[in-house]
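Please open the model in a viewer and keep the sequence at hand.

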Amino acid sequence: MYKKIVVLLFFACTSYFSIAQSIKSPDEFLGYPLGSKYTPHFKIVNYFKYAVAAMPQVMKLDQYGETNEGRPLLLAYVATAENLARLEDIRKNNLRLTGILTDQPGNTDAPAIVWLSYNVHGNETSSSEAAMKVLYELLNPANSNTKEWLKNTVIIIDPCINPDGRDRYVNWFTQMSGKNANPDRQSREHVEPWPGGRTNHYNFDLNRDWAWQTQVETQQRLKMYNQWMPQVHSDYHEQGFNNPYYFAPAAQPYHEAVTPWQKDFQVTIGKNNAKYFDENGWLYFTKEVFDLFYPAYGDTYPIYNGAIGMTFEQGGGPRGGSTVIINNGDTLTLKDRIAHHFTSSMSTIETVNKNNEKLMKEFSKFFTSEKNNGVGEYKSFVISDVNSTRINALKKMLDGNGIVYSTAAISNAKGYNYFSGKEETFNAAGSLVISTYQPKGTLVKVLFEPKTKLADSATYDITAWSLPYVYGLQAYAVKEKMAVTPYIAKIINTVIPETSYGYLVNYSSFEEAKFLAALLNADIKVRFAEKDFTLNGKKFQRGTLIVLKKGNESKLAAFAAAAQKMDVSVTAISTGFMESGNDFGSSKTHFIRKPKVVLLTGKGVDASAAGEVWHLFDQQLNYPLTLINADDFDNISLKNIDVIILPNGNYKFLSDKEQGAALKTWVKQGGKIIAIENAVTQMANNDWGFKLKKEEDEKDKDKKDEQKVSYADIKLFEENEHDGIKSNVAGAIYKLDMDNSHPLAFGYPNYYFTLKQDGNMYEFLKDGWNVGVIKKDSKVAGFVGSRIKDKIKDGTSIGVQDFGQGSIIYLSDDPIFRCFWENGKLLLSNAVFFVGQ
């Protein structure tokens, strides 16, 4: 009997370990071969949950957050059983190598961390399918290669960065396609409707949000990323279906902060990828298109954080469907795309395994250099606007990136004044100091440097983003390491005193605009002062919010609650009689009506531009916004609408005489249009009153055409690629002269920094207000092509046109670009709440 029990236990244990050491492939689990159709996000989640249940000794799964639409965001950790058991120790050791954790020295004889990110663009779908195959092969007991690689490597997999966008695409494609996918690119399954699945819920491109962290997905992901600081980060994408596969090394321009080691290791990984692609006869390209410059990508952000960051691009995208005939006559399938991403993923892990020792030492060296030497020409960046509520947004962004800041311990300093463009002495006492002598020193340099240096002008994105301009904060760049003391956050307890008459709130930042929105939502009667005034010896600026007790008796508790929640400074007053300036009964004090605001969206509208405004109202201003499709404009009633926002797009009704006349009538009767970017251009081309500047007089043009071409004008064919760049504005920063006596510019000094992305200039308004103008030599930073740099001067960039009882606001540049251009949010808020009141 005893022997029978022993035998039974033996077979039971053998059976248990056999089951525990086996795992179904994605094909087996899903019930269909990978690539035969698209997998919805919940099934990808289910496979990862199944895998961790099947192989808990070598895999861990965390939900690190969820999307706006409630879908889970996952991280899978794969390691040997030994390393998984000490995963937290490995993480902490990695942070010690960076200097973020300082309890003891870090050890370079440790596993390297490889982080694989899939499907950041929702309609670039093959990579999430590939993620399941990568996970399976890492866990597969029969795969001897991966077992060897995992001995000195920990793999982190994010199977889908953008689940909302992915499901938007996958659900649509599933509905559009039949039993057999159609490779004809004209078929409806290859023509994705607006807004497409590329972006997240608010139509944001998550691959351009890493540094800024405006979106909930990015905020949650970066919190985890900065807790690990991997040595290698790979980001998996898709491009046009006719393109062969792209992998590192990247294209120029490289930011000067990219180290020789990071460049060399990109080449090492690229050569290993090429080996496998060559074996399979697959086409690929390197060193083209995808550069390492703009800091908010999934390759550059890791680069600036000491890692090897890489983009992988597979041909396909939304136009690829699940099968498509490409230009050479071949058929590209989803299975092909999965195979390519799977191969580059495994090749990357293999390369890290082969070069573990060197990789870990160079990673540690990167951070040791930052700690000992600082980074770049400027070692300290000083924000002197410490009393401005604008600084709160900057500190939140720095905190999200793990950037340490301190308080200046000296008074007299010398540095580059961002606003004047000159080296100046200044009083640094109490200022916020961000030093490059820290683990995030390289990222600090990149984000704060006054002028970025371009090795090649053919860049993929904007070329200027220096944070003092973005946030509108007075700042100085100092070449020396400054003496500092630890930063201590001020605890603000807003006290709302009793009043017999009313309250005043200074209006100087987007924080006060959010407060104003809260008051209007609570139906509190608010006024604003058109001009400066003085009361009780204190000067109040134009735009100051006035809340009188009379008429708000039942709402004062709501006023106090909003003020305390938003930490705004409130002054109680006992009289409406001013020592200087206008009394509150003056015609120069205006009542703010609560506007009903409409945003045009849908086909013809730039989805990202519409998404920025939607996100601003929905998540930041917390103010009601009605979204209406532009195609339905001729069917909507304008009667109860106060404000219409036209984001960047192409609006048919602006060119239609009948619809245009109806819209003009509505404006004359008191309506307000806020036109942004190309909407401004369309209005300028359709006789609304704002006019584009002509490049040159027709007579001069005729004379120029008559001139003969000289030898110096002849260009080589190889220069063709850069020829178009001469007429390009690659996101350059310009300084505008602002008329801050106009309500649109309340809260600003007499200047504003705008991000220009085109060469359009507009004539000065004769019968309107030129609120923001560009004069000569106004470019501050960024690349502008030689053919148009002289054109961008002597014109209006921000204008307001009174139109009967209504008004039109022209914002020729995007004031809230990607919702990280913080200083423009006040401008758009003013356009909604102040102009025309």
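A cavity is a set of grid points where a 1.4 Å probe fits but cannot get out. In this predicted model, a search of the whole structure finds four cavities of 30 Å³ or more.

**Colouring by confidence**

Begin by colouring the chain by pLDDT, which averages 93. Of the residues, 93% score at least 70. Next, select residues 1-20, where pLDDT stays under 50. For this stretch the model has three contacts beyond four places in sequence. Where pLDDT is low, the predicted coordinates should not be read in detail.

**The largest cavity**

Rolling a probe the size of a water molecule over the atoms shows where empty space is left. Which residues line the largest cavity? Select T389, R390, A393, Y471, S509, F510, E511, E822, N823 and L826 to display its lining. Helix 14 (390-400) and helix 17 (510-521) are the elements that give two or more residues to this lining. By class, the residues around the largest cavity comprise four nonpolar, three polar and three charged.

**The second largest pocket**

Now turn to the second largest pocket, which holds about 490 Å³ of space. Its lining has 26 residues, and those closest to the centre of the pocket are T199, D205, D606, S608 and A609. How does the lining of the second largest pocket divide by class? It has seven nonpolar, eight polar and 11 charged residues.

**The loop between helix 8 and helix 9**

Select the loop that runs between helix 8 (163-176) and helix 9 (216-228), and locate P195 within it. The peptide bond joining W194 to P195 is cis, with omega at about 0 degrees. The loop between helix 8 and helix 9 also contains N203. Phi of N203 is near 65 degrees, a positive value in a residue other than glycine.

**A cis bond in a strand**

Move on to strand 7 (residues 251-254), where P253 is found. The peptide bond from Q252 to P253 is cis, and its omega is near 5 degrees.

**Two helix pairs**

Two packed helices are described by the angle between their axes and the distance between the axes.

For one pair, select helix 5 (residues 87-98) together with helix 13 (residues 356-373); their axes come within 7 Å and cross at roughly 50 degrees. Helix 5 and helix 13 are therefore oblique to each other. Show side chains for N94, L97 and T98 of helix 5, which meet M360, F363, S364 and F367 of helix 13. The residues in this contact of helix 5 with helix 13 are four nonpolar, three polar and no charged.

For the other pair, select helix 19 (residues 607-621) and helix 24 (residues 825-833). Their axes lie 12 Å apart, and the helices pack at an angle of about 90 degrees. Since angles of 65 to 115 degrees count as roughly perpendicular, helix 19 is described as roughly perpendicular to helix 24. From helix 19, V613, L616, F617, Q620 and L621 meet K825, L828, S829, V832 and F833 of helix 24. How many charged residues does the contact of helix 19 with helix 24 have? It has one, alongside seven nonpolar and two polar residues.

Note on methods
Residues numbered from 1 in each chain as written. Predicted model: local features only at pLDDT ≥ 70, side-chain atom pairs only at ≥ 80, totals over all residues. Heavy atoms only, no water. 1 Å grid on protein atoms, 1.4 Å probe; cavity = no way out; pocket = protein on both sides within 12 Å on 5 of 7 lines; lining within 4 Å. Points joined across faces, edges and corners; volume = space filled by probe spheres on them. Helix = DSSP H or I, 4+ residues; strand = E, 2+ residues; numbered from the N terminus. Nonpolar A, V, L, I, M, F, W, Y, C, P; charged D, E, K, R; others polar. Axes fitted to C-alpha atoms, helices over the stretch in contact; angles between N-to-C directions. Parallel < 35°, antiparallel > 145°, perpendicular 65-115°, else oblique. Contact = heavy atoms within 4.5 Å. pLDDT = per-residue confidence, 0-100.
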